[in-house]
Amino acid sequence: MIDLRLGNNIELIDDIDDGSVDCVFTSPPYFNAAKKYQRGKGHHYSTDFEEPLYNIVDIMEKIKPKLKEKGVIILNLGFSYGETGIMRPFDIINRIRTRLGYFIVDNIIWVKKNPIPLQKRLTNAYEYLFVISNSPFIKYHNEGHKLNIVNEAVASYKGHNAIMPLKVAKNILETFSQEGDLILDVYSGSGTTACACKELNRNCIGFEINEDYVKLSRERLKNHNEKKPFIKKSIDKL
Ligand SMILES: C[S@@+](CC[C@H](N)C(=O)[O-])C[C@H]1O[C@@H](n2cnc3c(N)ncnc32)[C@H](O)[C@@H]1O
């Protein structure tokens, strides 16, 4: 079962049964994304600094009871600059840990083979994939030893230019879930998590607020198969 749903994740999450989700794999919008994705006036109501925090902490709070006992969340947070320097991802992770009582179990670095050059700073060539759980002990399904680094080029898919590379999605899902598991992506975008789930025989529910992206991702999913992945060409080209 793969189901890509249109709507605001904060509302759609209420339809998910408690204790039913094995793994959440998700990438919120980048911190410099459009104001329309930011909460309220663009600032978290309880923020103590002038930074937009979107609804990441709120959705993480609502996900908590939905997880199975050893369920795991892989939260992709891009490196960013702002009034607090480079600390935004850590500020968010710290809120998730201290306010919501999650354990931050691991952190994977996605190294981008083709980073977009920056003008006034060092070019950022990585993003974080924080591994979070209600339990300090989670199950790793990888065979043999895996490093906490994944190397892959930035990808795009038709109308969506902030997508997770399919190879990274598959790597993560193979490590943190198994066949038949229920995977949730609360910011599903172009449907990369759903495509990876299709290949890996996982069930998947995705939430996406933008109607165009929902259409795009449903179409992508329909055409996606293991032998001819839809975005393989663009990944190889990069
Ligand atoms: C970085 S993109 C996700 C990309 C995705 N991982 C992929 O590979 O295509 C973030 C997505 O979150 C969506 N979004 C933002 N706020 C949302 C909300 N409150 N509920 C559901 N989706 C949301 C945006 O429209 C955007 O497509």
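Q: How many residues does helix α6 have, and how far does it reach?
A: In this predicted model, helix α6 covers residues 211-223, which makes 13 residues, and it reaches 19 Å from its first C-alpha to its last, close to the 18 Å expected at 1.5 Å a residue.

Q: Which residues of α6 are buried?
A: The buried ones are Tyr 213, Val 214, Leu 216, Ser 217, Arg 220 and Leu 221. Seen down the axis of α6, these buried residues fall within an arc of 165°, so they line one face of the helix.

Q: Why would residues three or four places apart point the same way?
A: An α-helix has 3.6 residues a turn, so residues with that spacing point the same way.

Q: And what is exposed on the other side of α6?
A: On that side Glu 211, Asp 212, Lys 222 and Asn 223 are exposed.

Q: Switching to packing, at what angle do α5 and α6 pack?
A: Helix α5, residues 192-200, packs with α6 at an angle of about 20°, and their axes are 9 Å apart. Angles under 35 degrees count as roughly parallel, and α5 and α6 are therefore roughly parallel to each other.

Q: Is the crossing of α5 and α6 left-handed or right-handed?
A: The crossing of these two helices is right-handed.

Q: Zooming out, what does the secondary structure of the chain come to?
A: The chain has seven helices and 10 strands, and 37% of its 238 residues count as buried.

Conventions:
Residues are numbered from 1 along each chain as its sequence is written. This is a predicted model: local features need pLDDT of at least 70, side-chain atom pairs count only at pLDDT 80 or more; totals for chains, interfaces and linings use all residues. Helices (H or I, at least four residues) and strands (E, at least two) are DSSP runs, numbered from the N terminus. The expected span of a helix is 1.5 Å times one less than its number of residues. A residue is buried if 20 or more other C-beta atoms lie within 10 Å of its own, exposed if 12 or fewer, and partly exposed in between; C-beta atoms are placed from the backbone. The arc is that of the directions from the helix axis to the C-beta atoms. Axes are lines fitted to C-alpha atoms, for helices over the stretch in contact, and angles run from 0 to 180 degrees between N-to-C directions. Angles under 35 degrees count as roughly parallel, over 145 as roughly antiparallel, 65 to 115 as roughly perpendicular and the rest as oblique. A crossing is left-handed if the near helix is turned anticlockwise from the far one by less than a right angle, and right-handed if clockwise.
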